[in-house]
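Below is a colleague's note, arranged as numbered points, on the folds and contacts of the structure shown here. Please read each point beside the coordinates.

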Amino acid sequence: MDASPLRDPTIGTGAAAGGPAPGRVVIDARALSLTFDTADGVVHALSDVDLTVREGEFVSFIGPSGCGKTTLLRVIADLERATGGSITVDGVAPAEARTQRLYGYVFQAPALLPWRNVLANVTLPLEIFGMDKASRLEHARRNLDLVNLAGFEKKFPWQLSGGMQQRASIARALSFDPKLLLMDEPFGALDEIVRDKLNEQLLKLWAETAKTVVFVTHSIPEAVFLSTKIVVMSPRPGRIIDVIDCDLPADRTLEIRETAQFLAIAHRVREGLRAGHSYDD
Amino acid sequence: MTIDAAIAPASRPRGPGLLARAFAGTTGPVVTIVAVLMVVWYAAAVWLNAPLVQSETPLSTAELVDATLALERPLLPAPHQILIELKKTVLDTPVTSKRSLVQHAWVTLSSTLTGFAFGALLGLLLAVAIVHVRSLEKSLMFWIVSSQTIPILAVAPIIIVVLGAIGVTGLVPKAIISAYLCFFPVTAGMVKGLTSPDRLHVDLMRTYDASPSATFWKLRVPASVPFLFTSLKVAIAASLVGAIVGELPTGAQAGLGARLLAGSYYGQTIQIWAALFAAAALAATMVGLVGALEGFVLRQMGTRR
Amino acid sequence: MSDTALPPDRDDAPVTPMSTTRLAAIATGALTLLGGLAPLTPKVTWSALPLPALLLAIAVVLGAGVLPRLVDGFAVAVATLVTAATAVALLIAAHAPSVAGEVGVGFVITLIALWLGSWALIERLTVWRPTSPALARLADAAVPIVFGAFLFLFWEVITVGFGVPAVLLPPPSQIAVRFATSLPILGADFFQTVVRAAIPGWAIGSAAGILVALLADRVPFLGRGLIPLGDFVSALPLVGIAPIMVMWFGFDWQSKAAVVVLMTFFPALVNTVAGLAAAGRLERDLMHSYGASWGQTLVKLRLPAAGPHIFAALKLNSTFALIGALVAEFFGTPIVGMGFRISTEVGRMGLDMVWAEIAMAAITGSTLYSVLASIERRVTFWHPSNRGR
Ligand SMILES: Nc1ncnc2c1ncn2[C@@H]1O[C@H](COP(=O)(O)OP(=O)(O)OP(=O)(O)O)[C@@H](O)[C@H]1O
Ligand SMILES: [Mg+2]
């Protein structure tokens, strides 16, 4: 496999979009656990987590607030070290995957640098990787097109709406064409309508680029609509209580949310979440 | 008057008439308050100086007022007397003359700027070191901060005398005092600025496996720019204070501090006030220039709306 | 919980000083041995230095470089003890009549070794994370103290050992002796400058600044005019007003207090204005919805919210007050006062007295500052910077 982050995108090839593509294992976690030592005791943010994500999959983590979704994503991204168990990303340790720039991370907030305009924000990782200027611009333009932000290159973050900012941050994560996309509630702060639109765009983008996506969300419809696999988590200690395959057809539109199949999956997710909650009180 | 000049470019909200607009903003109130202060000043000058007026014949009120505002060594000179003195020593005296206020201001300004340059540089370097070396942050920062709780200017005479004892006089000792006063605001401000990027941005750089130098130049430095200018404004004002005080203890021959000292020896109040006004003008100009540079840079960076 | 709320610096300390520490430790070891063996001065060839030096070498190599983390606490303790022993040995050696002023190679090498060793120790203390919280707090507090102690040690050893002329820089011990033997004079100067001029001036100036800020808040027209003026004036070199105040109020403390009032007024004004604007829009709307009067809103919401700003001004002003009082004394005083003493003793080259006055000023300044800071912690306990203490 070409490990260079700067290889040309392989648009529309490989895994057929949507369906459960039995590709290589990209993320493999075994008995993963993580505890935080805080002033008032130990927090078990993750406990005995087993997870397999294959190439081309769209996996969503769903669960109540504080159940460790962000923490799990951060462990995959080597922003946090697990205190127990093992994990590999693309066959190597997370730290190595990070230094190979294998993934793009979209944070819960846009996290754009206020002193850079949209274009310069998207080229930031490319500058850090040492790409020459012409290809930087080319990559950035293509990815801004992809998220429908062409024409806004010269705007500064504060001149954009929340949804546009989040799209710019997605373009930034895509700019160096990582094979893995880690997204932490990217649309959490947006209204329903914008969110629906971005969901459709994201799905299209995923179909076009054949990336592996790990996606954190609070919303059951969002998870069912986007995913090929839904991971249901529960808090205290943070753990996985159910993994639901979501075998809706590849070419989904928003209308699919009215279908019986969709509602059945959503129901299963809701049941799983409820079961997780009963541990609580 | 320097005060007006410095504050003129205030924002004026849109409104009907020019006057109404001025009074809805800051210009009108500032002008009014300055005018009131002027009136108070003249009244105080008359009141304070009246006992100094000597005359054999009893004076009428108008004559007395005139006399109080025309004394050679008044207790409080009237603003116009100061302006006349300023005109005399700035415009009507050749710059080469010892009596030229321009020359004195230049002497002070040159050590202010030298000290500022070195102090700001030192402050920057210290901040960068403190941000990068944890043991320095823990050990040095405490002492830098507590060094500021002592009245640093008390050290000024020693620096002048000690350096004089080993033959260093003139600009250098004053510049050292200025630099000493300058470095702290810059260090404190830049440590804050360089550590100001929030967790999210630091994590973002980490996901790119950015080297420490890339993180420094692309994240920490740009994030610290507003802090830099704020601290530079404080530093340059402090630098001027350092230069002036540095001229006091040895009875320096030139500089605004020397003018203050000489004026106080000989009771030349008008000369003191003229020197004070010159110092105020210098301070306002320098702070204003740094502020203008700040506005320019921040606009270039797009962070100022 | 948002990601930004996570505590900073968990697992990615930017620089791990381990490798440099190890280098320093090894260099320290080698140098201490060398320093112990080399002649202390051109004349004195034997000294008591080698023994603690040897111990230091071993301890630092073990403590900072070689032993695993398991025995951290032990290693730090041993390294501390032995570094202290070497420091004392060096201190004694420097003061020995046959050594003072004519140190040789051995002394210099041991000095460098001690410097490296102390640095390694501080690095080690910085990264040391004891499991017991009490011990961790102690280690945290120890870093600046150890640093400062070494600073004074090197000042003493270098000035005495190399015979630096007292005019340039007297050793701390000489300053301490002068301080202890001149207590009556220092006390009188303190009374004149601090108790009579600085503190009353500080109180009046700060109070006036706060009151005018409140007035400016109550009368918007006044506020719009005064705030830009206050910003402008606080950038001016106000100490320069000192000769005029001396002329108006005479040589005694009144003129000094007047300078202090003027210097402290504007920072209090500007900061209070900023503080009064600090209460959030939401909270203010809440008070508005209760129909609270200006005074009620002020007392219940805006003054407490302004607390941190006001205390910042009070702390800043405590330094300004001392500076103002001292500098004003350069323009004429009765024959007492810290500024007066400094300028006359400088003229007589009595530098140790000057330094004793500076020590006095430093103690005064940091005491005032820490008293204010502790009051602040009590009054603005709710502020994020004071939480968790
Ligand atoms: N740095 C930290 N120190 C201490 N505890 C932490 C830290 N980060 C997370 N936690 C704790 O770990 C648990 C999981 O947090 P995490 O952020 O992963 O939750 P989440 O599922 O992403 O929640 P949300 O949906 O609200 O974003 C929480 O109980 C949280 O308090
Ligand atoms: Mg989260």
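In which sense, parallel or antiparallel, do strand β3 and strand β8 of chain A pair, and over how many bridges?

1. Strand β3 (residues 58–62) and strand β8 (residues 229–234) of chain A pair in the parallel sense, over 4 bridges. Within this pairing, A:V231 in β8(A) is the bridge partner of A:F61. Two strands are taken to pair if DSSP finds at least two bridges between them, and the elements themselves are DSSP runs numbered from the N terminus, with helices being H or I of at least four residues and strands E of at least two.

2. Before going further, the basis of the values: this is a predicted model, in which local features need pLDDT of at least 70 and side-chain atom pairs count only at pLDDT 80 or more, while totals for chains, interfaces and linings use all residues. Residues are numbered from 1 along each chain as its sequence is written, chains are lettered from A and ligands numbered from 1 in the order in which they are written, and side-chain values use heavy atoms, with hydrogens and water left out.

3. The β3–β8 pair of chain A belongs to an open sheet of 6 strands with mixed pairing, whose order is β5-β6-β7-β3-β8-β9. Its edge strands are β5 (103–106) and β9 (239–245) of chain A, each of which pairs on one side only. From one strand to the next the twist averages 15°, where angles run from 0 to 180 degrees between N-to-C directions and axes are lines fitted to C-alpha atoms, for helices over the stretch in contact.

4. Two helices of chain A pack on this sheet. Helix α5 (residues 162–174) touches β5 and β6 (180–184) of chain A, and its direction makes about 165° with that of β5(A). Helix α6 (residues 192–209) touches β3, β6 and β7 (212–217) of chain A, and the direction of α6 makes about 160° with that of β7(A). Contact here means heavy atoms within 4.5 Å.

5. Chain A also has an open sheet of 3 strands, in the order β2-β1-β4, with antiparallel pairing. Strands β2 and β4 of chain A stand at its edges with a single partner strand each, so one side of each is left without a neighbour in the sheet. The twist in this sheet averages 20° from one strand to the next.

6. In that sheet, β1 (residues 25–38) and β2 (residues 41–54) of chain A pair in the antiparallel sense over 10 bridges, and they form a hairpin with 2 residues between them. On the other pairing, β1(A) and β4 (residues 84–89) of chain A are antiparallel over 5 bridges. Residue A:A29 has A:L51 as its bridge partner in β2(A) and A:I87 as its bridge partner in β4(A), while A:I27 stands opposite A:V89 in β4(A).

7. Two backbone details of chain A deserve a look. A cis peptide bond joins A:R236 and A:P237, with omega of about -10°, and A:P237 lies in the loop between β8 and β9 of chain A. Residue A:N148 has a positive phi of about 60° although it is not a glycine, and A:N148 is placed in the loop between α4 (133–146) and α5 of chain A.

8. For chain B the assignment gives domain 1 (2–76) and domain 2 (101–301), with C-alpha centres 34 Å apart. Here 8 residues of domain 1 of chain B are in contact with 8 residues of domain 2 of chain B, and the two domains bury about 630 Å² between them, 60% of it on carbon and sulfur atoms.

Methods. Domains from an automatic or database assignment. Buried area = accessible area lost by both parts, 1.4 Å probe.
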